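Student: I am new to this structure and would like to go through it with you, one question at a time.
Tutor: Gladly; let us look at it together and begin with a single residue.
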Amino acid sequence: EFMALRLENGTNCSGRLQVFYNGMWGSVCSNSMTPETVSLACKELGCGDRGSLETQEPYGRLSGTAWLDRVECGQRNSSFWQCPSAPWDPQSCDDLRDETHITCKGSQPETPPAPMAACPSAPSCTDREKIGAVGGEKGCSGRVEVWHRGSWGTVCDDSWDMRDAQVACRQLGCGPAVSALAEAAFGEGSGPIWLEQVECRGTEPSLQDCWARPGDSGACRHKEDAAVIC
């Protein structure tokens with residue numbers, strides 16, 4: 001099912017680590033927290049590949065949900081979601097001192113490739129270079145554009161949902177998705193429509209790894225261009 005990470009009550013790449021599970025945000029407890037766990041959390045958030053655990057002083061009973069404890073990532077884990085942990089439990093932390101606060105290093109997302117400019121390392125572009133967000137702020141919101149067959153094109157909004165947006169935001173290096181938008185919310189594109197009926201599980205590293213129909217059927221128009229806010 002859909003899961004995501006966020007940092008709450010801080011800056012974009014520093015704050016209280018929370019996980020979205022079973023329709024609800026909850027804390028991650030810091031018992032047995034390894035440096036690899038912090039690094040993989042930062043990577044999942046699009047905030048660089050290293051970070052530090054902050055020591056907090058508050059004391060008191062935890063009033064909200066706390067999903068995870070004893071998350072122990074190791075060097076063999078390549079994703080936060082692969083790491084072993086105690087069983088999922090909405091009351092995982094005993095008190096506020098157990099909540100995980102982290103600060104990620106090297107935290108700013110890279111600038112995505114400018115739309116309609118060639119992918120920088122064509123023809124062997126990385127996943128990161130094959131996507132852009134156009135018309136929003138700081139390259140982390142806007143119309144989704146993908147690089148394919150030597151040119152930029154858009155994604156049709158048919159079946160476009162938060163799982164698809166989650167993959168797009170991760171590929172952009174922009175952290176979790178906030179909104180999956182339809183009907184050319186950031187304006188209409190002008191190139192090809194490369195993808196239709198995108199059906200991501202939410203865990204794929206890029207939109208190109210998701211199931212989709214080729215967008216050249218003529219069934220979609222640019223007034224249906226998909227967009228994201230990360």
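Student: In which strand does Arg-143 lie?
Tutor: This is a predicted model, in which local features need pLDDT of at least 70, side-chain atom pairs count only at pLDDT 80 or more, and totals for chains, interfaces and linings use all residues. Residues are numbered from 1 along each chain as its sequence is written, and side-chain values use heavy atoms, with hydrogens and water left out. Strands are DSSP runs of E with at least two residues, helices are runs of H or I with at least four, and both are numbered from the N terminus. On that basis, the run covering residues 141-148 holds Arg-143, and this run is strand S8.

Student: Is Arg-143 buried or exposed?
Tutor: Buried means under 20% relative accessible area, exposed means over 50%, and partly exposed lies in between, with a 1.4 Å probe and protein chains only. Because the relative accessible area of Arg-143 is 9%, this residue counts as buried.

Student: How are the rings of Phe-80 and Trp-81 arranged?
Tutor: The structure holds six aromatic pairs. Rings of Phe, Tyr and Trp (its six-membered ring) pair if their centres lie within 6.5 Å, and planes under 30 degrees apart count as stacked, over 60 as edge-to-face and the rest as tilted. For Phe-80 and Trp-81 the centres are 5.3 Å apart and the planes stand at 90°, so the arrangement is edge-to-face.

Student: What is the handedness of the disulfide of Cys-140 and Cys-174?
Tutor: A disulfide is a pair of cysteine sulfur atoms within 2.5 Å, and Cys-140 and Cys-174 are joined with an S to S distance of 1.9 Å. Cys-140 lies in the loop between strand S7 (131-135) and S8, while Cys-174 lies in the loop between helix H2 (162-172) and strand S10 (179-181), so the pair ties together parts 34 residues apart in sequence. Since the torsion about the S-S bond is about -75°, the disulfide is left-handed.

Student: What is the handedness of the link of Cys-156 and Cys-220?
Tutor: The sulfur atoms of Cys-156 and Cys-220 are 1.8 Å apart and form a disulfide, and both residues are buried. With 80° about the S-S bond, this link is right-handed.
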